[in-house]
Amino acid sequence: MSIKRRHLLGMGISTAAVAACGKIANAPSTTPSVAPVAATSKSASKLRLGFQPPYVAVFALRQQKFLEKAFAGQSTSFEFRRLLSLKPVTEALSAGALDLGLGGTPVAAIAAGQPIRVIALVERSPKTHGLLVLPNSPIKKVTDLKGKKIGNPSGKSYFFAVQVLERAGLKDTDVQWVQIENDAGRAALLSGAIDVWGTWDPFYASAEVAKEVVPLVDGGDYVLNYVALFGRTEYIEQNPETIQRFLQAYKQALTWVQDNRQAAVDILVKENKLSPEAAALTLGRRNLLFEPPNQEYRQELVTQSQLLGRLGLIKQQPNWDKAIDTAIAKTVAS
C-alpha cells in the first residue's frame, strides 16, 4: 500500500492560497445499511482528506498506522491537507480536489446545492469556540458589542456569534462583520483592527494561555459544535468500502487519543507548534466520540439553516434526508 504523508498546506496558509493551489425535513435517514467490508473488497485508488489543526486523531491515524491495518492488502493512497477553517475545505470538495472533509457541517454549501454528504460525528465540543476580547477591553458584556467590529473566518454566517447576539437582544446589523482567517485574527485583535475575535481552538487556546485575550463568552451555552466527517456524494456512493475502512481506522484513532492523552498533547505540540499548555487546553476542551449523525445533531442543523435563511445568506433550506447518511457509521459503530 502506498500512503502519501504530505502536509500540502500549513498553518499560515490563506484561503486565496488554497484556491490557487487546487482551483481548488426532519425524518431519520432511510439509507440502506452497509454490510461489513470483506477481506477481498477493493478500495478506491486514493482518498484525500481536508482537516483543521486541532483534530489530533488525524495525526494519530497516521502515526499509529491505523490506516495500514484497515487497508491491508489494498493499494489506496492517502493525502492529508491541513486547512485553517471550513470554507477552504468545502471549496476544495466542490472543486473535486478533496474527497472527505472534517469539521463543522458546511450548512451554506449544502443549501447551495453542493453535493456533500455527512457520514459520521467525531466530536461534540461547544467550549472550543469563543468570542475573544483584549484583557483591558471596554467590552464587558454581550450588549457592549453594539457598533463593534467582530472578526471571524465566516463573517455574518458564524452561527455561534449570531446566536450570542440574538440572545442578548441584538441584531446581526448591530455589529460590523469582518471576515478574517484564523491565522490573521489574533494580530487584528491585538492591533485594534477588530474589537472582538471569533475563533476556536487551538487559536483560542494559544492566545488565552499567552494572556493576550479573555473570552467574552464561549460556546458552551450557544452551540453543540458537533464535528463531522463529510464528503463528496459521488465519492461516497462509488466507494462505500473505502469509506467504511477509513471510518474504522478513524474510530481506532479516536480511541487511541482518549487512552493516551499525554501522547496526544505531545502530538499537538509538535504538529501545530503549540505550547504544551495551549495543546493541553485544546485537547481538554474537546469531547471526542464516534457515532452516526443523530437527531440532536440534525435539529441543530435545521436551526442553523433557518437562521441563515432569516439572514438572507441562503436561498433555500437543505434537504437533510439526502445530505445525511447514517448507514456506514452505524455499521462501524456496532
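I take contact to mean heavy atoms within 4.5 Å. The model I am reading is predicted.

**Entry 1, the sheet.** I looked up helix H7 (residues 182-191) first. Helix H7 lies across E5 and E8 and runs at about 150° to E8. Next I traced the strands under that name. I found five strands in an open sheet, ordered E7-E6-E8-E5-E9, with mixed pairing. Strand E7 (176-179) and strand E9 (214-218) stand at the edges with a single partner strand each, so one side of each has no neighbour in the sheet. On average, neighbouring strands here are turned by 30° against each other, direction ignored. I then checked strand E5 (residues 129-133): it pairs with E8 in the antiparallel sense over four bridges. Leu132 stands opposite Trp197 in E8.

I counted rings with centres within 6.5 Å. The count comes to seven aromatic pairs. Tyr158 and Phe160 have ring centres 5.7 Å apart and planes at 80°, so I log the pair as edge-to-face. Both Tyr158 and Phe160 are buried. Tyr158 and Trp200 have ring centres 6.0 Å apart and planes at 65°, so this pair is edge-to-face as well. Tyr158 lies in the loop between strand E6 (149-152) and helix H6 (159-167), and Trp200 in strand E8 (residues 196-200), so the pair ties together parts 42 residues apart in sequence. Trp200 is buried, as is Tyr158. I noted that ring pairs link Tyr158, Phe160, Trp200 and Tyr222 into a cluster.

I found Arg62 over the face of Phe80, 4.6 Å from the ring centre. Arg285 lies over the face of Tyr204, at 4.0 Å from the ring centre.

Terms used: Residues are numbered from 1 along each chain as its sequence is written. This is a predicted model: local features need pLDDT of at least 70, side-chain atom pairs count only at pLDDT 80 or more; totals for chains, interfaces and linings use all residues. Side-chain values use heavy atoms; hydrogens and water are left out. Rings of Phe, Tyr and Trp (its six-membered ring) pair if their centres lie within 6.5 Å; planes under 30 degrees apart count as stacked, over 60 as edge-to-face and the rest as tilted. Buried means under 20% relative accessible area, exposed over 50%, partly exposed in between (1.4 Å probe, protein chains only). Helices (H or I, at least four residues) and strands (E, at least two) are DSSP runs, numbered from the N terminus. A charge sits over a ring if NZ of Lys or CZ of Arg is within 6 Å of the ring centre and within 35 degrees of the ring normal. Two strands pair if DSSP finds at least two bridges between them. Axes are lines fitted to C-alpha atoms, for helices over the stretch in contact, and angles run from 0 to 180 degrees between N-to-C directions.
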